[in-house]
Every structure is written in C-alpha cells, then in structure tokens.
Amino acid sequence: MAVLPIVTLGHPVLRTKARPVEKVTKRVQKLIRDMAETMYQAKGVGLAAPQVNVAERVIVVDVGQGLVALVNPEIVKAEGAIRDVEGCLSIPGRSGYVTRAARVVAKGLDAEGRPIKVEAQGYFARAIQHEIDHLDGILFIDRLE
Ligand code: NI
C-alpha cells in the first residue's frame, strides 16, 4: 500500500466530473487500498479518487464502523435532513454547516467488483454524500449555509 498525495482546493481535478470505472481490475483494487491508507494516515473519514488526482468514480469511507469502498456509487434513496459540521481533506483548515439527507441507501460495486447496497445514517450517510459529491466536482464549500 502507499500513501498518496492529497490534492487541495484550486486543483482542477477537484472540479472535474469523474468517469465511471468500467471494470474493477487489479489496478482499481490497488487504488482502493492506497486510498484507504491515505485516508487513515490523514485521519479522515472519507476520500474520493479525485482527491488523489484520479478522475474515476471510487470512494472510501470509514466513520469508525469499518472500511466501505464503493465503485461507481449512486444514491438510490435519501430521507430526512440533518445540518452538521463538515470538513474536507482537500480544504484544510475549513469547516462549516451543511445540510445533508439523514439516511441514504447507496449502491455500487465493492472492491471485488460485486454489486453492493449500503444503508447509512448519521455521519456515515453524510460522509457517503460528501464523497459522491467529489465525483461530480462538488465541494462542501459549495453547499455551505
Ligand atoms: Ni472532501
């Protein structure tokens, strides 16, 4: 595994719409492992591939309930609304209130390329929404209240 450099605000990849992964290959699996290592080393709770300068639809999240990796993630259900404080490893030193859905169901592929569905609430749901935003070039500062 390798810790990758995290790009910060101003880097164009953060504003790029990431492309879908066609197949979960060994390269994608290595990317997922490296992203997890990078997230843990930075003490983050989530990371999206564009943050390590890879414009592909891959996210990792761990809010203390174990690592969840999603390839081509999509939110298929969202309920409720919660306002809470958010930050981003690509925007060091900034945080602010963002309203997000309280509960989401996300689907995608796991690190083995198998379809999975993840049900999340609270900060887990928030992290998934934040990371999927990254894949569309959206940053939490765009949603600040
Ligand atoms: Ni972020």
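A nonpolar core is a set of buried Ala, Val, Leu, Ile, Met, Phe, Trp, Tyr and Cys residues joined through side-chain atoms within 4.5 Å. This model is predicted. Its largest nonpolar core has 17 residues. Ile59, Phe124 and Ile128 have the most contacts inside that core. Several elements build the core. Strand 2 (58–61), strand 3 (68–79), strand 6 (103–109), strand 7 (115–121) and helix 2 (122–135) each give it at least two residues. Helix 2 supplies the largest share, six residues. In soluble globular proteins, nonpolar side chains tend to be buried together.

Start with Ile59. Which residues does Ile59 contact, leaving aside its neighbours within four places in sequence? The list includes Met35, Leu47, Ala48, Val68, Ala69, Leu70 and Pro73. Ile128, Glu131, Ile132 and Leu135 are also in contact with Ile59.

Now turn to the strands. Strand 3 pairs with strand 6 in the antiparallel sense, over six bridges. Within strand 6, Val104 is the bridge partner of Ala78. Strand 6 also pairs with strand 7, again antiparallel, over seven bridges. There, Ala106 stands opposite Val118 of strand 7. Strand 6 and strand 7 form a hairpin, with five residues between them. Gly113 lies in the turn and has a positive phi of about 85°.

Methods. Residues are numbered from 1 along each chain as its sequence is written. This is a predicted model: local features need pLDDT of at least 70, side-chain atom pairs count only at pLDDT 80 or more; totals for chains, interfaces and linings use all residues. Side-chain values use heavy atoms; hydrogens and water are left out. Buried means under 20% relative accessible area, exposed over 50%, partly exposed in between (1.4 Å probe, protein chains only). Helices (H or I, at least four residues) and strands (E, at least two) are DSSP runs, numbered from the N terminus. Contact means heavy atoms within 4.5 Å. Two strands pair if DSSP finds at least two bridges between them.
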